[in-house]
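Reader: Please take me through a few features of this structure, one at a time.

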Amino acid sequence: MNTPMTIAVASGKGGTGKTTVATSLAAFLARRGRRTQYVDCDVEEPNGHIFLKPDIADSRPVTVPVPRVDTDKCDGCGRCGRFCRFNAIVAVNRTVITFEQLCHSCGGCVRICPQGAIRESPLEIGRIESGTADGLQFIQGRLNIGSVRTPSLIRTLRQSLDAASVAILDAPPGTSCPVVACVRGVDYVLLVTEPTPFGLHDLKLAAAMVQQLRRPLAVIVNRSGLGDQRTHAWCREHGVEILAEIPDDRRIAEAYSRGRMLIDAVPEYEALFAQIAERLFA
Amino acid sequence: MKELIVISGKGGTGKTSIVASFAALASNPVLADCDVDAADLHLVVEPRVRQENPFVGGVKARILPDMCVECGQCRDHCRFDAVIPPDGQNPSFRIDPSACEGCGVCERFCPTEAIVLEDAVNGRWFISDTRFGPMVHAELGIAEENSGKLVSLLRKQARDLAGRQGRNMLLVDGSPGIGCPVIASITGADLALLVTEPTLSGRHDLQRIVELTRHFNVPCAVCINKADINPEMAAQIAAEAAAGSISVLAHIPYDNAVTQAQMAGRSLIEHSDGPASQAIRQLWDRSLAMLNSEDTSANGQ
């Protein structure tokens, strides 16, 4: 079977090796002749480009609609401010002020204004950059500093995917809205963890999040041998498959520090990615 | 009262291990775990919960099936794709709570008033005792939102607690990234300690978190964890920080004792007197000195 799939590489805890796994998996699939795109959804701190070194061919701004008030039409009735649950628009002494960074772009104020005095204008929240890298399609989001619209940028990023390709989504860390925006509706989730108490605790949270979104998941244990066997025991007890274990190998850490991809720096680990690919595309 | 927040941009650089060690070194602290998405500090400091509270971050819509005439206007108005139309299993319109942002548009414009907004309990927050002092922390519900609001709430509670108990130091464990929970955790802090690692990713992410602290005018300093994994990169990061007039307070060496301490549920300071432990002691002294100096506002602007 050769059906395109969307696979998110996620983790509760940061720094467990999401980008290490996602870049090597994407590159491995592309080298094996599969049409593949690497999608960096960690838009607050995108790092995949460091390893894939793409030629960026296109960069475009991503905007969200925020209200702009026509002061000639506005009569200061204040209904917009009373409606807005995010304090993004308020009327003070019959003058309407907007706080665009607080706006969720629900469009409620526009609809509710009896004077038709509010329209929406675009606010840039970040950029989407795309190009190619080593036979791969590369695409990343980059959130502007000071913006809080991480989920909006991730949703826009996911709308620009090529449906005919396998998509490897490099997810942001955590378990809340940015990750949900990345994981919602994907075909498969790989949770990367490390076998430590922090890693296991956050794996449990991430697994619960994925299960709530009803996505199939499997685990990749990184830095295997570092901590203890509690992660393995938990996976066994909960019927969560461990697809691969990447050893705690100083060569990997050093290659990572220099921006080298795992399967290039230590080619013997290519077999691990063959194993993961076989399981995913069986 | 001084507030020190530990953040990193990149995840997994060692924030929580450093905060736990600071907790052991501080004389009179209040702790706050503001990494509400993936809170781990409690695994080391073993809080005994004294007070538990629900966290209501906002509202979520609910459709009353008896009132709904299935006109579909709510779905057309919703910008978040949170309205699920009827399907084979469910005969009526429903709200997907994990997609609903609680804006209230559907409720306001439903022609048959078939939609209600209900308080959304997004998590729980706690005031606890630990062996180092009181701690304010939280559990954000699975796949929940409003983490920025929760962080603001925790910091306010922690500051109030410090005031009531006459404690002079608030230690905050922050979250990775540069988004809403991070912004909520740094605004108005006395010092943001930025923990990085000597990797290209660590360096890249440090640049973005430095920009963020400048954007919000928060004084910052840097420490380089696992510095000996790539000494040239550590030196480069230190040089770039210096060029931006940012103090590098410590180079912490890679030390297995950090993981061992975590496995044992102890702070590194309690567990080991080795090289990383020594470096963190030095980092703490220098952070204190910076917090107590007259001019903590000098962060290179």
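Author: In this predicted model, helix 7 of chain A passes helix 8 of chain A in a right-handed crossing. A crossing is right-handed if the near helix is turned clockwise from the far one by less than a right angle, and left-handed if anticlockwise. Helices are DSSP runs (H or I, at least four residues), numbered from the N terminus.

Reader: At what angle do helix 7 and helix 8 of chain A pack?

Author: Axes are lines fitted to C-alpha atoms over the stretch in contact, and angles run from 0 to 180 degrees between N-to-C directions. Helix 7 (residues 197–212) and helix 8 (residues 230–237) of chain A pack at about 25 degrees, with axes 9 Å apart. That makes the two helices of chain A roughly parallel (angles under 35 degrees).

Reader: Which residues of helix 7 of chain A meet helix 8 of chain A?

Author: Contact means heavy atoms within 4.5 Å. A:Pro197, A:Leu200, A:Leu203, A:Lys204 and A:Ala207 meet A:Arg230, A:Thr231, A:Trp234 and A:Cys235 of helix 8. A:Cys235 is buried, at 1% relative accessible area (buried means under 20%, with a 1.4 Å probe and protein chains only).

Reader: How many disulfides are found over all chains?

Author: A disulfide is a covalent bond between the sulfur atoms of two cysteines. The search counts pairs of cysteine sulfur atoms within 2.5 Å, and finds zero. The sulfur of A:Cys113 is 6.1 Å from the closest cysteine sulfur, in A:Cys77, too far for a bond.

Reader: What conventions apply?

Author: Residues are numbered from 1 along each chain as its sequence is written, and chains are lettered from A in the order in which they are written. Local features need pLDDT of at least 70, and side-chain atom pairs count only at pLDDT 80 or more, while side-chain values use heavy atoms, leaving out hydrogens and water.

Notes. Buried means under 20% relative accessible area, exposed over 50%, partly exposed in between (1.4 Å probe, protein chains only). Angles under 35 degrees count as roughly parallel, over 145 as roughly antiparallel, 65 to 115 as roughly perpendicular and the rest as oblique.
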